[in-house]
Amino acid sequence: MQALPLLHSDDHLMLERYHPDNWPISQEGLIHMLIALGGALLGALILHWVVFAILRRITRASTSQMDDVVVEKIRNPVRWAMVAFAISIAAENDALVGNGWDVFARFLTPAVVGWAAFALVKGLAAGYERQLELTGDEVANRGYRTRIAILSRTARVAIVIVTISLIMLNIPGVRDVGTTMLASAGLAALAVGAAAQPALKSLIAGLQMALTQPLRIGDLVRVDGETGRVEEIRMSYVTVRTWDERVLVVPTLRFLDQSFENWSRVSEKLTGPVMLHLDPAAEVEPIREEFERFVKAHPLWDGRNLALLMTEAYPESIELRLSMSADTIGDLWTLRCEVREHMVTWLRQNQPGALIRHRLEVEAANQRAMQG
């Protein structure tokens, strides 16, 4: 058997350094630190479980849906906030825990508090939206959802900025830079103001959109020649989904600085036209009777508006406007399409002479040529 090599004096000193008897922390101190830290963590978790068990019982007894959502959103952040608070208490009673915790607390405390505030705002927004789903006024709910979306997003962005700022101010190098910048506060303010001007414009535009509400989430708008539903309203842009599933990304300032059409600002009830261009020899009264008969029997007509008017008369054509109304914009679109198809078919069968023709009648020309 080969003998193990003898340890040199340097190796022996290195091993002695890692022997528990030679540590700067006594075993009794280490055990006391572990007990204090473990007891604080266990107490925090038990307290968190008890508190949220009581909160869940209270929310189940409540008829409101908002408190359920808020409690669920803040459960995890509050757990870690309680853990951090428990470690702070242990640090006050044990010097070893305090020496290590003082360094991390500078960064963890603002992070945990910011996370809890972020979750609270998000929970309140989700809770309000849950409450709105239970109401039946869809038009009014659009306004509330728009305010909730914009204001909650603004609050979350502010919380993130403040949290990151508090964390970075605890870094000595960043704090020194901030102190140096204060010496030239005038120039710094001008530079920051110039750089942040677009962001500030977007922020102000988003807040103005939430307060004045020229459009809301779910509104049907027409902008830049395109028509679609508003899907998202953010600080810097608004997304509009068109009928063919394209998404228009429009700057928020565009809706505040320029005009646009909002077809559902007050309600979904609209009146829409169908235009017919016919020969001047067309008999208008039978066309009016057939139009009114068809629309009155149609299930999508809401009974509000129904009229046929001759809006233009030219030497070679006349223009008839057939107007009708429906409860929703989608129903109105379907009704207009079906009225247009029915009236063209009826005219072709009952008044073919009313349809304008711009074609070469080859057969009639050939007969005239043969007779000649």
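Analyst: This is a predicted model.

User: Where does Glu245 lie, and what is its phi?

Analyst: Glu245 is part of the loop between β3 and β4 (247-251). Although the residue is other than glycine, its phi is positive, near 70 degrees.

User: Is Asp224 buried or exposed?

Analyst: Asp224 is found in the loop between β1 and β2. Its phi is positive, about 55 degrees, although Asp224 is not a glycine. The relative accessible area is 57%, and exposed means over 50%, so Asp224 is exposed.

User: Which residues are the closest to the centre of the largest pocket?

Analyst: The largest pocket has a volume of about 460 Å³. It is lined by 18 residues, and the closest to its centre are Leu220, Thr227, Trp263, Ile329 and Trp333.

User: Which element gives the largest share of that lining?

Analyst: The elements that contribute two or more residues to the lining are β1 (220-223), β2 (226-233), β3 (237-242), β6 (270-278) and α11 (329-350). By class, the lining comprises 8 nonpolar, 6 polar and 4 charged residues. The largest share, 5 residues, comes from α11.

User: How is Ile46 classed by accessibility?

Analyst: Ile46 is placed in helix α2 (residues 27-61). Together with Leu42, Trp49, Val50, Ile54 and Ile58, Ile46 forms a nonpolar surface patch with about 630 Å² of accessible area. Because its relative accessibility is 47%, Ile46 counts as partly exposed.

Methods:
Residues are numbered from 1 along each chain as its sequence is written. This is a predicted model: local features need pLDDT of at least 70, side-chain atom pairs count only at pLDDT 80 or more; totals for chains, interfaces and linings use all residues. Side-chain values use heavy atoms; hydrogens and water are left out. Patches are made of residues with over 30% relative accessible area and no salt bridge: like charges are joined within 9 Å, nonpolar side chains (Val, Leu, Ile, Met, Phe, Trp, Tyr) within 5 Å. Accessible areas come from the Shrake-Rupley method with a 1.4 Å probe; for residues, only the protein chains shown count as cover. A salt bridge is a side-chain nitrogen of Lys or Arg within 4 Å of a carboxyl oxygen of Asp or Glu. Helices (H or I, at least four residues) and strands (E, at least two) are DSSP runs, numbered from the N terminus. Buried means under 20% relative accessible area, exposed over 50%, partly exposed in between (1.4 Å probe, protein chains only). On a 1 Å grid over the protein atoms alone, a cavity is a set of points where a 1.4 Å probe fits but cannot get out, and a pocket is an open set with protein on both sides within 12 Å along at least five of seven lines; lining residues have an atom within 4 Å of a point. Grid points are joined across faces, edges and corners, and a volume is the space filled by probe spheres set on the points. Ala, Val, Leu, Ile, Met, Phe, Trp, Tyr, Cys and Pro count as nonpolar, Asp, Glu, Lys and Arg as charged, and the others, Gly among them, as polar.
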